[in-house]
Amino acid sequence: MPIRLLAAALTLVVLAGCGTRAAASGFHDGRLNVVTAFYPLEFLSERIGGPQVHVTDLTKPGAEPHDVELNPRQVGTIADAGLVAYLRGFQPAVDDAVAQEAKGRALDAGRVVPLLPLADGTDGKPEPGADHPETTGSGMDPHVWLDPVRFATIADQIGRRLGLADPAHAADYTARAGQMHAELTALNTEMAAGLRQCTRHEIVTSHSAFNYLATRYGLTQVGITGISPEAEPSPRRMGKIAQLARADGTTTIFFETLVSPKVAETVAREVGARTAVLDPLEGLTKPGADYFSVMRDNLAALRSALGCS
Ligand SMILES: [Zn+2]
């Protein structure tokens, strides 16, 4: 094509672009728009996307992602995204928006790694009135990011999908995904070594988020379900937890950061244990922290509670 005609054709394309919604391109100011559903996916997208992407996370810092609600502006960011990273079944509002606004531009993190079935509560089912149903809707456990090995596979897939959405920078995305995969592999090696020889093997926790971590490192999660900041667990539940905790010689009851310490202390007193925090990484609670620093804090808390050498 002669240069002048080519230039004219390019002008037409640019003009056409101005008249259509940004959704047609998925880019803004030369950067790929990436929308993530909650913190661990935001972390991967930021690190792998680097300066070539603009990441918008749908869960506000410190908020509980399970029951996120989306405002019209957030639904708009999904419509304008070049890539949406989410986990289908974890956040129904996000599922609906993705189905309506982001067909073909979404990566379901639960589709690229094998999910574990829900293992919730001491008797396998949540207490009635539990405020926090830990389910993907399909009966699968959503907390997959707490297994560094599965999370590394999700990193690979985010790198691949960024490259498909923005082929001009595919090599950069692949390189950074490879770097992230290596860092996660190193974390897995560190955690496996740190949890290899422990006196105890049961993690008693208020938030049944740690089954992927427990399964990876040969531990067992005992979930105290039915705990909300307002309600104490029923006497029946407390009795069961106490019985299990005593049988394993548990010294520590784990609680996540947002649960009332009063409830934590009540349960711990009942079983004669102390309390400590395990962070499910559904959002960051400490400034300056990131996925790796929180996972290493979790490792230290587990090693202390389980008597690991
Ligand atoms: Zn959770």
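Buried means under 20% relative accessible area, exposed over 50%, and partly exposed in between, with a 1.4 Å probe and protein chains only. By that cut-off Leu 281 is buried, at a relative accessible area of 0%. This is a predicted model, in which local features need pLDDT of at least 70, side-chain atom pairs count only at pLDDT 80 or more, and totals for chains, interfaces and linings use all residues. Residues are numbered from 1 along each chain as its sequence is written, and side-chain values use heavy atoms, without hydrogens or water.

**Nonpolar cores**

- A nonpolar core is a set of buried Ala, Val, Leu, Ile, Met, Phe, Trp, Tyr and Cys residues joined through side-chain atoms within 4.5 Å.
- The largest one has 72 residues, and Leu 44, Trp 145, Ile 154, Leu 162, Leu 184 and Tyr 291 touch the most other members.
- Helix 10 (residues 291–306) supplies the largest share of this core, 9 residues.
- A second, separate core holds 13 residues, among them Ile 241, Ala 242, Ala 268 and Val 271.
- Helices (H or I, at least four residues) and strands (E, at least two) are DSSP runs, numbered from the N terminus.

**Helix 2**

- Helix 2 (residues 39–49) is largely enclosed by the rest of the structure, because 8 of its 11 residues are buried.
- The buried residues of helix 2 are Tyr 39, Pro 40, Leu 41, Phe 43, Leu 44, Ser 45, Ile 48 and Gly 49.
- Their cover includes strand 2 (31–36), strand 3 (53–57), strand 4, helix 5 (148–165), helix 6 (170–194) and helix 10.
- Leu 44 is in contact (heavy atoms within 4.5 Å) with Gly 49, Phe 151, Ile 154, Ala 155, Ile 158 and Met 180, leaving aside neighbours within four places in sequence.

**Gln 91**

- Gln 91 sits in the loop between strand 4 (83–86) and helix 4 (92–101).
- Gln 91 is buried, at 1% relative accessible area.
- Its side chain makes a polar contact of 3.4 Å with that of Thr 59.
- A polar contact is a pair of N or O atoms within 3.5 Å; within protein, one must be able to donate a hydrogen and the other to accept it, and residues adjacent in sequence count only if both atoms are side-chain atoms.
- Not counting residues up to four places away in sequence, Gln 91 touches Ala 37, Phe 38, Thr 59, Pro 65, His 66 and Val 68.

- Most residues other than glycine have a negative phi.
- Asp 29 has a positive phi of about 50°, and lies in the loop between strand 1 (27–28) and strand 2.
- Asp 29 is exposed, at 71% relative accessibility.
- Leu 281 has a positive phi near 60°, and lies in the loop between strand 9 (274–277) and helix 10.
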